Amino acid sequence: MALDSKMNRVFKVVGTRPPRPDGVEKVTGRAMYGADATAPGMLVGRILRSPHAHAIIKSIDVSAAEALKGVKAVVTAADFGVPDDLSIRDVQDNCMAQGKALYHGHAVAAVAANTAAIASQALKLIKVRYEVLPHVTDVDEAMRPGAPIVQEARALENVAAGFSENVTSQCEFGHGDLEVGFAKADKVIERSFTTAATHQGYIEPHACLASMSPDGKGDLWCCTQGQFQVRTLCAEIMGMDASQLRVTASEIGGGFGGKTTVFIEPVALALSRKSGRPVKIVMTRDEVFKATGPTVSSSMDVKIGMTNDGRITAAQAQLRYQGGAFPCGTVEMGAQSAFACYNLDAVHTVGWNVLTNRPKEAAYRAPGAPMAIYAVESVVDELCQELGLDPLNVRLKNASTKGTKSSYGPTFDDIGLRATLEAAKAHPHCSAPLGPNQGRGLSCGFWFNFGGNTCVSLNINTDGTVGITEGNPDIGGSRAAISQMAAEELGVPYDKVRTIIADTNSLGYNDVTDGSRVTFSVGLATIEAARNAIKVMCGRVAKIWGIDEDAVIWEDGCAKPSGANAGDFTPMSIEEIAAISSNTGGPIAGHFEVNADGAGVSFGVHLADVEVDPETGATKILRYTVFQDAGKAVHPDYVEGQMQGGAVQGIGWALNEEYIYGKDGLLQNAGFLDYRVPVASDLPNIETVILEIPNPGHPYGVRGVGETPIVPPLATLSNAVARAIGIRLFELPMSPPKLLKAIRQKG
Amino acid sequence: MRNLHISTSVNGDQTEFVCAPDETLLDVLRNRLGLTGAKEGCGTGDCGACSVTLNGRLVCSCLVLGVEAEGAEIGTVEGLAMGDHLHPLQRNFIDHAALQCGICTPGILVAAKALLEKNPNPTDEEIRYWLAGNLCRCTGYDKIIKAVQIAAAEMRGA
């Protein structure tokens, strides 16, 4: 769907900041989240998890648990079939271990009982015999020949020789001649980096309520980023037809990519099928950390050459990502995005996905990009320091722009990186004074954004108000943005529109809420659905007036004659048209189904001032500003909110958050006390500057917003710390003990 | 363990319930009284999503036993609005986009109300330290701090 030709369109509703439709429910405690659902006769489900990092399950004896009074069902892998699709088999295996526990916390059995206390007691009565195997949790160790093999025969044929079987896939991107490029450089820097695995850290643990009836129908209520994806996975795992499993998405308490798959839902369905009762499972926070997807951890090498005047001549990266105990494709996105910000003649990236005895990674906001761009932006910054160049000017000199052949292949259309860099350069933050132990850091960031499968139904109610049915859970105000775009297109007030999120039996398939796709893709489908409804309404009015359909136009919520030649008719409002719809052909609706392409890539630039305490190694953020091209910002409050929230997740990643494993392969910090996400007192205000370079692939110019802002903070803070104390770390997080050690070593 | 009978007050209403001696106040509110506004984000007192007041004191209800409510006054998010009239904090959270997913919002509202009762004119830093026990993963806190400031000014009649 191309950008509307009337580029100078003056928006009336889009670009304003109306209250979100679900606001009152969410400030009064009435909104129903995953754990808030109940059903008559409901049982409580609990899951037994592996205490070992890697172990063969020799046997499971559930007889004592089954005999406990109040226990209604016990399930193990033996209660599930074997799905044909290998990736779905992996999802099922991750929900309930099949023969081998692959990581600390891997599910091995589950019970449903009358109360949580009985369920917990029953778990203790399940006897599992394990044969403990050697384990591996570090990506570099896992790649070496001779490492413990997590899963056999999963490596694709394209993996180069010389690695262990844990290396499951390999990818390469780039163009140009590296040798020629590096020869042109006045300075070449090559560095190696590591980043820790981090968790999405949504405050709402996974929760679901499953109800299977003896006639084979099922209902599932759960917190998810995509009810249709849940249905696809669960129907396949349970051997059901999609039509017989209705999945309803509750309100969702954060996801950030982590709720794009299933962990407990098939288990609850199996327990419900076996017990004949509804079963609710709510994860504890300990389970969320141990058994749901964190992001990958990484080990990376980056080599960049630069001329004395700041032109990058060649760039190269090797990325090694471990994604836990199952094959993943995350390194591909890292390898594609690593150098996306730069217009390069010679660039090459290669990436490897690696198995370890850790939980199956799940998407996390711009999956794969933050760590790769952290490594690249660190080396660019070091080159600037070495050559005495201004880091912003160097970015401007090398920035990708319209017509740049990107490092991953496609040629960029209209993009906002240069404009974003110019905005940063002109901002007062850029020239504010700094004190002792203080430094200013900068990084660019990038994300592809996504469109995907989308359905929208738009009904004109008989009073002329508008009901929208869409299929993507509202994770941060999207109902407001969708309602705004419908109001804009139809020419009706915002408060005449109500948008609801449908269950899987009420609407066609929608991809999950991911890829920063909802405001772009659901918005696009909403606009087109509104246009279809307008066409119907104009057709009805044309018949009433006895003129051609083409002679009726739509303006300000009314059908009007297109000009003097069309005839002299009093405009008919949407209310009038709706009121008599029963006499003009029946109910009026518009709908639109699409696999949307045209998502506009998004760039951002972050600036941060930090002060490092040389006594403690603690980093205090003094000032933080986010510049980002949002395309058209439909609801600027929620665009700013994405930019601020993404930045703070990135800050957590840079400074404190990490999965810590002991030598025993067990996770040591499965709780918010020891896995430290940023709290209010850690942070300054996060200033935001929205740029609106229209996306040529959307009628209003909307891009995606949500993912790009988590990308720049990692290097922004590392570069700020390097400039504050003259010590550059090559690993994340830069937690106070690590930084203090580095300060003391320097002396 | 036999269940115990407890008489208490929740949001000003006299309330009775039975609960197990080891049952948390959070579980009582959610599972026995149907007040699901308080959320369990961690169950260990680290996230603040279950914040309520117990005799006017801000607590994590996951760290309080149900039996401790005997004779006490409990305040939850469900008691913030007066009928259909939202509390200024609630209204300003909506008007200034201080929530995204909304799961932490009930706890933050209860905590912010407790702050403003003690300190009607807090600095940004005082708000940030008071709310440091309430995790929000979506907003980066910026709009939350601003909404609390605006609500505080409104409540002071400024």
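**Exercise 1. Helix 14 and helix 15 of chain A**

Helix 14 (residues 478-490) of chain A packs against helix 15 (residues 518-545) of chain A, with their axes 9 Å apart and an angle of about 30° between them. The model is predicted. Work out how the two helices are oriented and what kinds of residue make the contact.

*Solution.*
1. Angles under 35 degrees count as roughly parallel. Helix 14 of chain A and helix 15 of chain A are therefore roughly parallel to each other.
2. The crossing of these two helices is right-handed.
3. Helix 14 of chain A brings A:S478, A:A481, A:I482, A:M485, A:A486, A:E489 and A:L490 to the contact. From helix 15 of chain A come A:V518, A:T519, A:V522, A:G523, A:T526, A:I527, A:A530, A:R531 and A:I534.
4. Sorted by class, the contact of helix 14 with helix 15 of chain A holds 10 nonpolar, four polar and two charged residues.

**Exercise 2. Helix 18 and helix 19 of chain A**

Describe the crossing of helix 18 (residues 636-655) of chain A with helix 19 (residues 713-725) of chain A, and classify the residues at their contact.

*Solution.*
1. The axes of helix 18 and helix 19 of chain A come within 8 Å and cross at roughly 55°.
2. Because of that angle, helix 18 of chain A is oblique to helix 19 of chain A.
3. Their crossing is right-handed.
4. On helix 18 of chain A the contact uses A:A647, A:G650, A:I651, A:W653, A:A654 and A:L655, and on helix 19 of chain A it uses A:P713, A:L714, A:L717 and A:S718.
5. The classes are eight nonpolar, two polar and no charged residues.

**Exercise 3. Chain A against chain B**

Which helix of chain A supplies the largest share of the side that touches chain B?

*Solution.*
1. The contact takes 42 residues from chain A and 42 residues from chain B.
2. Helix 1 (23-28) and helix 18 of chain A each supply at least two residues of the chain A side.
3. The largest share, seven residues, comes from helix 18 of chain A.
4. By class, the side of chain A that touches chain B has 20 nonpolar, 15 polar and seven charged residues.

**Exercise 4. Helix 11 of chain A**

Compare the span of helix 11 (residues 369-387) of chain A with the expected one, then state how many of its residues are buried.

*Solution.*
1. Helix 11 of chain A has 19 residues and reaches 27 Å from its first C-alpha to its last.
2. At 1.5 Å a residue, 27 Å is expected, and the span is close to that.
3. Of the 19 residues in helix 11 of chain A, 15 are buried, and the helix is mostly covered.
4. A:G388 follows helix 11 of chain A and has a positive phi, near 65°.

Conventions. Residues numbered from 1 in each chain as written. Chains lettered and ligands numbered in written order. Predicted model: local features only at pLDDT ≥ 70, side-chain atom pairs only at ≥ 80, totals over all residues. Axes fitted to C-alpha atoms, helices over the stretch in contact; angles between N-to-C directions. Helix = DSSP H or I, 4+ residues; strand = E, 2+ residues; numbered from the N terminus. Parallel < 35°, antiparallel > 145°, perpendicular 65-115°, else oblique. Left-handed = near helix turned anticlockwise from the far one by under 90°. Contact = placed C-beta atoms within 7 Å. Nonpolar A, V, L, I, M, F, W, Y, C, P; charged D, E, K, R; others polar. Expected span 1.5 Å × (residues − 1). Buried ≥ 20, exposed ≤ 12 C-beta atoms within 10 Å, placed from the backbone.
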